[in-house]
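Dear colleague,

Please find below the structure that I am passing on to you. My notes on the ligand surroundings and on helix packing follow it.

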Amino acid sequence: MSDSFVRGLKCRICGKAYPKEPLNFCTDDFGPLEVDYDYAAIREALSREKIELRNFNMWRYRELLPIDGEPTVGAQVGGTPLVPANRLARELGVQQLWLKNDAVNFPTLSFKDRVVSVALSKAREFGFTTVGCASTGNLANSVAANAAAAGLNSYIFVPADLERAKILNTSVYGAKVIGVHGTYDQVNRLCTQVAFKYGWGFVNINLRPFYAEGSKSMGFEIAEQLGWRTPQHVVCPMAGGSLICKIPKAFDELHKVGLLKNDPKGSVKFYGAQPAGCSPISTAVKNGWETHRPVRKPNTIAKSLAIGDPADGFFACKLIRESGGWAEDVTDAEIADAMALLGRTEGIFAETAGGVTLAVTRKLLEQGRIPKDEEIVICITGNGLKTQDAVAEVLEQPAVINPSLEEFEPLVEGAREPALV
Ligand SMILES: *Cc1c(COP(=O)(O)O)cnc(C)c1O
Ligand SMILES: [Zn+2]
């Protein structure tokens, strides 16, 4: 890869320019910083043909990602399937349904591998040798794995009550894992102090502007997989509220650099999904508030989405409102049911966040907020093998028999197939 197309960073509130450094907020108004690209130059440099010749992973859109050289971390991340979900569509009574399946993202089975590969490639460019994060689980897994593969030290801070699988899937990579008694928001505050005191690269703190850009690759892939066009409706889970802002940004950028067949402005509606036990953003959208009010004590099985004070809450509310979409939240029981529904209709085992997104989709269809005869994409962001307890109760227990045909026969439902001769 030649030169970077990044001009620097700029404040999302006042637009003030900052250099390309590990900074995350504006010193004038504390507004979050974002990456500023030279789109005219990217338009010159990039074409559909050029992209299509590259390997199918997130780095085929490298000109629109904020690293200066070749990716040195997570070079195989992304390129996940966009699954036509016909059986689920029939069940929901809709005509065209797709699942963007990041439950099978490499290497740690969630969309967080996208943000981490950008953040850690950037961390190496900046010369960090120790990295870290505050996490609700998936980010922990991804930072730990990708840091291990890149030879970086990692310190991972998580709420102490996290699912066992998410902790184990972090420790196995040799990361230093710190369980903190407290909510994600308290963990995050501690990490801000640690990042400042030790000068480490925290992917979702001082590297956040770069990190967040990785989420766009999910949007780039959806558009390309649909034949370089956008769908009418996108349903997306929300924790910090970043991903739901980056998918539309990806669509807009593809349009800006001349790669899309349609103009996504005003033609795609975005819907945010949260668990009822931690729904600051969906509650704000439903009440017509300009921004969210923090939830002090999240209480939900969807731990990956349990961020009470989402960093991008304001922007997520604005984006949803302006796109003409909506937001909803669902109970733990609805989440578990939806996980089972996805499994038995499409053969996809999503984590609780996937259950949240599918259950919210169903609710919005019932409310008539999403029309049943238009094209819908549901974002599946994590893998069910990490949150098995959440769905265990709603599944049928296996039948246990002695090794005898007589005991098996009463278990057979329906007609007998003719015996093979
Ligand atoms: C982090 C995460 C999200 C939401 O991400 P934000 O960008 O913080 O809103 C969604 N699903 C899963 C599985 C996650 O781990
Ligand atoms: Zn500012």
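**Ligand surroundings**

The shell around ligand 1 is made up of 7 nonpolar, 7 polar and 2 charged residues. Please bear in mind that this is a predicted model. In total, 16 residues surround the ligand, and the closest are K112, G240, G241, L243 and T381.

Several polar contacts to ligand 1 can be described individually. K112 places a polar side-chain atom 2.8 Å from an oxygen atom of ligand 1. For G240, a polar backbone atom is 2.8 Å from an oxygen atom of the ligand. S242 also contributes through its backbone, with an N or O atom 3.3 Å from an oxygen atom of ligand 1. On its own, ligand 1 has 390 Å² of accessible area, of which the protein covers 95%.

**Helix packing**

Two packed helices are described by the distance between their axes and the angle between them. Two pairs are reported here in those terms.

Helix α9 spans residues 216-225 and helix α10 spans residues 243-256; their axes come within 7 Å and cross at roughly 50 degrees. The crossing of α9 past α10 is right-handed.

The second pair is helix α5 (residues 138-150) and helix α6 (residues 164-171), whose axes come within 8 Å and cross at roughly 15 degrees. Because angles under 35 degrees count as roughly parallel, α5 and α6 are described as roughly parallel to each other. Here α5 passes α6 in a left-handed crossing.

With kind regards

How values were computed: Residues are numbered from 1 along each chain as its sequence is written. Chains are lettered from A and ligands numbered from 1 in the order in which they are written. This is a predicted model: local features need pLDDT of at least 70, side-chain atom pairs count only at pLDDT 80 or more; totals for chains, interfaces and linings use all residues. Side-chain values use heavy atoms; hydrogens and water are left out. A residue is near a molecule or strand if one of its heavy atoms lies within 4 Å of it. A polar contact is a pair of N or O atoms within 3.5 Å; within protein, one must be able to donate a hydrogen and the other to accept it, and residues adjacent in sequence count only if both atoms are side-chain atoms. Accessible areas come from the Shrake-Rupley method with a 1.4 Å probe; for residues, only the protein chains shown count as cover. Ala, Val, Leu, Ile, Met, Phe, Trp, Tyr, Cys and Pro count as nonpolar, Asp, Glu, Lys and Arg as charged, and the others, Gly among them, as polar. Axes are lines fitted to C-alpha atoms, for helices over the stretch in contact, and angles run from 0 to 180 degrees between N-to-C directions. Helices (H or I, at least four residues) and strands (E, at least two) are DSSP runs, numbered from the N terminus. A crossing is left-handed if the near helix is turned anticlockwise from the far one by less than a right angle, and right-handed if clockwise. Angles under 35 degrees count as roughly parallel, over 145 as roughly antiparallel, 65 to 115 as roughly perpendicular and the rest as oblique.
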